[in-house]
Amino acid sequence: MLKVQNVSGGYGSTPILADISFEVEKGKMLGILGPNGCGKSTLLKVISGIMKPSTGTVYVDGKEIKNYSSKQLAKKMTVLPQLHATAFSNTVRDTVSLGRYPHQSGFFSSWKTEDEQAVVKAMDQTGVRKFEKAQLEYLSGGEQQRVFIAQALAQSSNLLLLDEPTNHLDIAHQKQILDMIRKEVTEHDLTVVSVFHDINLASLYCDEILLMEDGKVRANGVPHEVLIDDRIMDVYNARISMQAHPEQPKPQMTILPDLIELAKEKLITAKNFKIKDEYVEFKSDFPLRVLSSAVHNAGLGWYSNFINRTVNQDYNIDQVKEEFLGYLIEKGFAPTNTVGMMTAVDTRNAIIKQYEATFGDVFVIVTAGIGNAMDVSRTFDREHNDYIGTINTWIVINGKLSDEAFVQGMMTATEAKTKALHHEKVYDKISNTVATGTPTDSLLIAATQQGELMQYGGPITEVGKVIGKGVFEATLEAIQNYRKGELQ
Ligand SMILES: Nc1ncnc2c1ncn2[C@@H]1O[C@H](COP(=O)(O)OP(=O)(O)OP(=O)(O)O)[C@@H](O)[C@H]1O
């Protein structure tokens, strides 16, 4: 659909674009990214024919753009530039109707039904029909932006060139406009080339990204190949981190700020832990990075409060999330800053152990109930289990772990727990084989993220060794406590 071949050019004698080549297939959306002043808008001007390149060629549908008449080209492509002069007074409907000019055959041509339909459809798609009679100058910046997008859509060309189309829009309208453009791309083979400043929006909505730097192409391809941490940090000269999007296989960027924090030591000591009648509590005056399989706030996050709560054996788990939330509020724990686990075991029997390591102290807290213990390799043909029991494990580390070390630490801890069950000869009541855990065990690793980064957390790393020993010993004692309780 669009082919840009060895394009160079600039303003007067100042070169801006240097040997730019890329192609966009019909029905695809290309996002142009790059720092301020790198030449994104200039490239759009060359593609649209507003500016002539000093060398190189732009083809639309296999034909050089200079061989199209301006009206022919306007039927092929629509340009929505970055800034719009809004000084002229016009109604919204008239402004959108201007998009139909390439389709008018003469100066006094009649307005056809298809022109009317295209204008109404574009106003509906962008949600501006409700202001159709209003004067453009009385609309907000974001509303005006949507009117110009409507004008571009009303032109009904196959190639849309956009310069920061969602610039003035709030998130709901960014989403509405980009969802709508994406729909036209997917369902009606519209081809879009759009400049973005927002790397995340470009990643989410575009099939391909062209990353520019100093008038040149730094990278071109699918988002996950172009948007790589080190490359983005280098091009934009800013610290960032790429993360997975929760729903789409598209990378998303987070800025890593260089904040000057008060030099306050972030230290967890035994005083942070309390065993109360109904729960074990760990409260910190700063958030820790946490990975857990808890009931409340599971997954990866930052939290300051932790609770492992005893519930009755007949606790109704149908509405566990809502019930737990109510409990946290009642006990004064901020729900957005708390990780919560539950157990039928009496938490007054919790084991808290402290281990010294060169990077800092590690705390391991375990509550163990084994009435429900099972051998994970033998549960495949069971439907449910009538026994109750849970092993909940917390590992709190004065140290800094990578994501990799968090996951490896979870594995190391699980292996250590299983070894403790083995050592204590805990059996699966049905298969009569050594148990590996219970069906409802929860595990949590929390780290202060202070000090030197520990990249790995496997069994032979320093942190892994402490986790292995600590979880084994604490689980052993917790099982012994549980058994003592059963005998009473
Ligand atoms: N009309 C002009 N005359 C002379 N120089 C210009 C003109 N327009 C832009 N430039 C210069 O060309 C360079 C590239 O500008 P361009 O607008 O293409 O960058 P951009 O990547 O779109 O930037 P931004 O992200 O800030 O919108 C800049 O150094 C700019 O100052």
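Helices (H or I, at least four residues) and strands (E, at least two) are DSSP runs, numbered from the N terminus.

## Model and overall form

This is a predicted model, in which local features need pLDDT of at least 70 and side-chain atom pairs count only at pLDDT 80 or more, while totals for chains, interfaces and linings use all residues. Residues are numbered from 1 along each chain as its sequence is written.

The chain holds 12 helices and 22 strands. Its C-alpha trace spans about 100 × 50 × 45 Å along the principal axes.

## Surroundings of the ligand

Around the ligand stand Tyr-11, Ile-16, Gly-34, Asn-36, Gly-37, Cys-38, Gly-39, Lys-40, Ser-41 and Thr-42; a residue counts as near a molecule if its C-beta atom, placed from the backbone, lies within 6 Å of it. Helix α1 (residues 40–48) gives the most to this shell, with three residues.

## Strand β21

Strand β21 (residues 442–447) is largely enclosed by the rest of the structure, because six of its six residues are buried. A residue is buried if 20 or more other C-beta atoms lie within 10 Å of its own, exposed if 12 or fewer, and partly exposed in between, with C-beta atoms placed from the backbone. Both faces of β21 are covered: one carries Ser-442, Leu-444 and Ala-446, the other Leu-443, Ile-445 and Ala-447.

Two strands pair if DSSP finds at least two bridges between them. Strand β19 (residues 391–397) runs parallel to β21 and is joined to it by six bridges, with Thr-393 bridged to Leu-443 of β21. Strand β14 (residues 279–292) pairs with β21 in the antiparallel sense over four bridges; here Leu-291 has Ile-445 as its bridge partner in β21.
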